[in-house]
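Here is a brisk report on helix packing and selected residues. Keep the model open while reading.

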Amino acid sequence: DELVGELLARAKATAGDFTPQAVANLMWAVATMGIENPDAGLVKMMQRRAIATAGNFKPQGVAMLMWAFAKMDITPDADLVKAMQGQAMATAGDFKPQNIANCMWALATMELRPDADLVKAMQGQAMATAGDFNPQEVANLMWALATMGIENPDAGLVKMMQRRARMTAGDFIPQNVANLMW
């Protein structure tokens, strides 16, 4: 679409002015719209902007940005992964279930193994918010941990997610069932 092209060109021209939320929103939109092979220059500029402003990303922005890269099948630069993992650890106590599940799903989908400290922080926050997880979030988090080869997930987390899965089993769609059983 011509308008989308013009807007993406404008984003590229003004990349240095993007806030962390704007970076995350733009990349999420590109991924959600299914734009194949997004402009490499734009992707690179957004990565640089995200790295430069990493300390100001909120949990939702971290999760959205990582999810977008996974959805587009683009492995971000190592510096971006490191910056987002650092910000995720710094703000782990503010992560909501969707942020936890999406962030961990994205890392697993991109075949990236997170720092052990990040895994520990996300597991801790998942336990603190276990009662708020919906079926998709339960399934995606547990799938991500298994896919990343986390050999000994926190036993308390496993029990809490099992309990949550039992409580919400009637709401599981086939994909949730398959992911959790995987």
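Contact here means heavy atoms within 4.5 Å. Helices (H or I, at least four residues) are DSSP runs, numbered from the N terminus. This is a predicted model, in which local features need pLDDT of at least 70, side-chain atom pairs count only at pLDDT 80 or more, and totals for chains, interfaces and linings use all residues. Residues are numbered from 1 along each chain as its sequence is written, and side-chain values use heavy atoms, with hydrogens and water left out.

**Helix α8**

Start with α8. The buried residues of this helix are covered by elements including α6 (97–109), α7 (116–128), α9 (155–168) and α10 (174–181). Buried means under 20% relative accessible area, exposed over 50%, and partly exposed in between (1.4 Å probe, protein chains only). By that cut-off, ten of the 13 residues of α8 are buried, so the helix is mostly covered. Among them are Pro-135, Glu-137, Asn-140, Met-142 and Trp-143.

Both ends of α8 have a local feature. At the start, a side-chain oxygen of Asn-134 comes to within 3.0 Å of the backbone nitrogen of Gln-136. Just after the helix, Gly-149 adopts a positive phi of about 75°.

**Helix spans**

The expected span of a helix is 1.5 Å times one less than its number of residues.

| Helix | Residues | Count | First to last C-alpha | Expected span |
|---|---|---|---|---|
| α8 | 135–147 | 13 residues | 18 Å | 18 Å |
| α5 | 78–90 | 13 residues | 18 Å | 18 Å |

In α5, the buried residues are Leu-80, Val-81, Ala-83, Met-84, Gln-85, Gln-87 and Ala-88. They pack against α3 (40–52), α4 and α7.

**The α4 and α6 pair**

Two packed helices are described by the angle between their axes and the distance between the axes. Axes are lines fitted to C-alpha atoms, for helices over the stretch in contact, and angles run from 0 to 180 degrees between N-to-C directions. The axes of α4 (residues 59–71) and α6 come within 8 Å and cross at roughly 30°. Angles under 35 degrees count as roughly parallel. The two helices, α4 and α6, are therefore roughly parallel to each other.

The crossing of α4 past α6 is left-handed. That term applies if the near helix is turned anticlockwise from the far one by less than a right angle. On the α4 side, the residues that meet α6 include Val-62, Met-66 and Trp-67. On the α6 side, Asn-102, Cys-103 and Trp-105 are among those that meet α4.

**Three residues**

Gln-123 sits in α7. What is its relative accessibility? The value is 10%, so Gln-123 counts as buried. A polar atom of its side chain lies 2.8 Å from the backbone nitrogen of Asp-154. Leaving aside neighbours within four places in sequence, Gln-123 touches Leu-145, Pro-153, Asp-154 and Leu-157.

Asp-117 also belongs to α7. Is Asp-117 buried or exposed? Asp-117 is exposed, with a relative accessible area of 53%. Its C-alpha is separated by 44 Å from that of Glu-2, 115 residues away along the chain.

Ala-165 lies in α9. Its relative accessible area is 13%, so Ala-165 is buried. Not counting residues up to four places away in sequence, Ala-165 touches Val-138, Phe-172 and Leu-180. Phe-133 is 32 residues from Ala-165 in sequence and 8.9 Å from Ala-165 in space, C-alpha to C-alpha.

Conventions
A polar contact is a pair of N or O atoms within 3.5 Å; within protein, one must be able to donate a hydrogen and the other to accept it, and residues adjacent in sequence count only if both atoms are side-chain atoms. Angles under 35 degrees count as roughly parallel, over 145 as roughly antiparallel, 65 to 115 as roughly perpendicular and the rest as oblique.
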